[in-house]
Amino acid sequence: MSVPEIRFDDRGLVPCVIQDWTSGEVLTLAYMNAEALRLTAQTGEMHLYSRSRDELWHKGATSGNVQRLRQLRYDCDADALVALVDPAGPACHTGQRSCFYRDYEGSADPSTDAAPAPGEPEPAAYEALAALDRTLVERRRERPAGSYTVELLSDPQRIGAKVREEADEVATAAAGESDERVAEEAADLLYHLEVLLLSRDVPLSAALETLNGRRR
């Protein structure tokens, strides 16, 4: 197997976009020099180069929020990288899951390291299932009163019945109702399916990786 010749800039650095392996969510943009790239490939954990500190660093060495490398990609010009990782904790030093936690046209304080604004940024379509999964895990952990999710998790047989019910409603909608109704019923099915998976401690990623496996 040949190793690609990455084109580092005049400072000996290459930008690396770091994404969550499971959800595809962008976690941060960092830089690597040749040694950081070598260590990342060798150890299977992200090593980066800090431009502000002018030093090599192992992501999570102090905080414990390591990022385990699942796949490293490079672009058509070989001058930019994408690292797909399993994060052990927040990617951002502010404690946010992603460094990109503010909307450019949103209401958050624009100063460095300022807190996010509630409800911003709105999740993109591809982020919906991952965001739902985190919310469901939080409901199971905190068990707030009046939570429909908690009610379902307390009654496994009801979860299965709801999945069957929602699947039938999607099929019925698809047979003769509007596209909007089909989308609404499909959303209901996806929600209940995620609750079912959580009740069995089967991560959504397991189903998605099974789909990927069927492409091979």
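1. A crossing is called left-handed if the near helix is turned anticlockwise from the far one by less than a right angle, and right-handed if clockwise. By that convention the crossing of α4 and α5 is left-handed. This is a predicted model, in which local features need pLDDT of at least 70 and side-chain atom pairs count only at pLDDT 80 or more, while totals for chains, interfaces and linings use all residues. Residues are numbered from 1 along each chain as its sequence is written, and side-chain values use heavy atoms, with hydrogens and water left out.

2. Helix α4 (residues 156–176) packs with helix α5 (residues 179–199) at an angle of about 160°, their axes lying 9 Å apart. The two are therefore roughly antiparallel, a term used for angles over 145 degrees.

3. T40 is found in helix α1 (residues 34–43), and it counts as buried because its relative accessibility is 0%, where buried means under 20% relative accessible area and exposed over 50%, with partly exposed in between (1.4 Å probe, protein chains only). Leaving aside neighbours within four places in sequence, T40 is in contact with M32, E45, M46, H47 and L69.

4. The structure holds 0 disulfides, a disulfide being a pair of cysteine sulfur atoms within 2.5 Å. For C92, which is buried at 8% relative accessibility, the closest cysteine sulfur, in C99, is 3.8 Å away and so too far for a bond. C76 is exposed at 77%, and its sulfur is 16 Å from the closest cysteine sulfur, in C16, again too far for a bond.

How values were computed. Helix = DSSP H or I, 4+ residues; strand = E, 2+ residues; numbered from the N terminus. Contact = heavy atoms within 4.5 Å. Axes fitted to C-alpha atoms, helices over the stretch in contact; angles between N-to-C directions. Parallel < 35°, antiparallel > 145°, perpendicular 65-115°, else oblique.
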